[in-house]
Amino acid sequence: MDFEPTIIAFVCNWCTYTAADLAGTSRLIYPANIRLIRVMCTGMVDPKYVIKAFLEGADAVLVSGCHPGDCHYINGNYKARRRIKLLKEILPQFGFEPERLKLTWIGASDGIRFADTITEMVSEIRALGPSQVRGKMVL
Ligand code: FES
């Protein structure tokens with residue numbers, strides 16, 4: 001049986017969530033492997049949320065929000081960028097491939113970009129195979 005990854009996506013209400021909505025209303029086609037979690041800003045995505053997603057079986061995690069300079073809370077996306085960078089440095093120590101964690105900026109009118117990003121990410125994670133991280137770390 002082919003491997004179908006589960007991808008958890010923390011998406012900002014104002015930009016990427018709206019882009020996802022636009023992709024849907026525009027009837028764009030993208031893989032159904034994504035589980036969206038709407039947050040008000042990427043700046044509120046605590047690193048613990050990302051780790052918990054992996055521990056509970058996610059094969060990859062996407063954090064996506066407003067472009068730099070467009071954050072509705074001024075600098076939330078800059079905080080997210082720093083946190084994701086640190087997570088990518090720390091998580092390989094637990095056998096985690098950094099490609100499984102992705103940060104993107106997708107604006108509200110970027111429905112096509114949203115669909116393309118999900119399609120590309122699912123293809124990359126299918127090639128990587130299932131996550132081996134599950135159950136290996138303790139919070
Ligand atoms: S409001 Fe969208 S990233 Fe901050």
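How many bridges join strand S3 (residues 60–65) to S4? Five bridges join them, and the two strands run parallel. Let us walk through the structure from there.

This is a predicted model, in which local features need pLDDT of at least 70 and side-chain atom pairs count only at pLDDT 80 or more, while totals for chains, interfaces and linings use all residues. Residues are numbered from 1 along each chain as its sequence is written, and side-chain values use heavy atoms, with hydrogens and water left out.

**The sheet**

Helices (H or I, at least four residues) and strands (E, at least two) are DSSP runs, numbered from the N terminus. Two strands are said to pair if DSSP finds at least two bridges between them.

Four strands form an open sheet in the order S2-S1-S3-S4, with parallel pairing. Strand S2 (34–39) and strand S4 (101–105) each have a single partner strand and stand at the edges, so one side of each is left without a neighbour in the sheet. On average, neighbouring strands of this sheet are turned by 20 degrees against each other, direction ignored; axes are lines fitted to C-alpha atoms, for helices over the stretch in contact, and angles run from 0 to 180 degrees between N-to-C directions.

Two helices pack on this sheet. Helix H1 (residues 16–25) touches strand S1 (7–12), S2 and S3, and its direction makes about 115 degrees with that of S1. Helix H3 (residues 76–90) touches S3 and S4, and its direction makes about 160 degrees with that of S4. Contact here means heavy atoms within 4.5 Å.

The pairings can be followed residue by residue. S1 is joined to S2 by six bridges, and Ile-7 has Ile-34 in S2 as its bridge partner. From S1 the chain crosses through H1 to S2, a right-handed β-α-β crossover. Right-handed means that, with the strands pointing away from the viewer, the path from the first strand over the helix to the second runs clockwise.

S1 is also joined to S3, by five bridges in parallel, and Phe-10 stands opposite Val-63 in S3. On the S4 side, Leu-62 stands opposite Lys-102. The chain crosses from S3 through H3 to S4, and this β-α-β crossover is right-handed. Gly-65 faces Trp-105 in S4.

**Inside the fold**

Buried means under 20% relative accessible area, exposed over 50%, and partly exposed in between (1.4 Å probe, protein chains only). Six of the six residues of S3 are buried, so S3 is largely enclosed by the rest of the structure. Ala-60, Leu-62 and Ser-64 point one way from S3, while Val-61, Val-63 and Gly-65 point the other way.

In soluble globular proteins, nonpolar side chains tend to be buried together. A nonpolar core is a set of buried Ala, Val, Leu, Ile, Met, Phe, Trp, Tyr and Cys residues joined through side-chain atoms within 4.5 Å. The largest one has 18 residues, and Phe-10, Val-50, Phe-54, Val-61, Leu-87, Leu-91 and Leu-101 touch the most other members. S1, helix H2 (47–55), S3 and H3 each supply at least two residues of this core, with the largest share, five residues, coming from H2. A second, separate core of 15 residues includes Ala-20, Leu-62, Phe-114 and Ile-125.

**Some residues to look up**

| Residue | Relative accessibility | Class |
|---|---|---|
| Asn-13 | 14% | buried |
| Arg-27 | 74% | exposed |
| Cys-41 | 8% | buried |
| Cys-71 | 9% | buried |
| Ile-74 | 66% | exposed |

Arg-27 lies in the loop between H1 and S2. Its phi is near 60 degrees, a positive value in a residue other than glycine. Ile-74, in the loop between S3 and H3, has a positive phi of about 70 degrees although it is not a glycine.

Asn-13 sits in the loop between S1 and H1. Leaving aside its neighbours within four places in sequence, Asn-13 is in contact with Thr-18, Arg-38, Val-39 and Met-40.

As for the cysteines, a disulfide is a covalent bond between the sulfur atoms of two cysteines. Counted as a pair of cysteine sulfur atoms within 2.5 Å, disulfides come to zero here.
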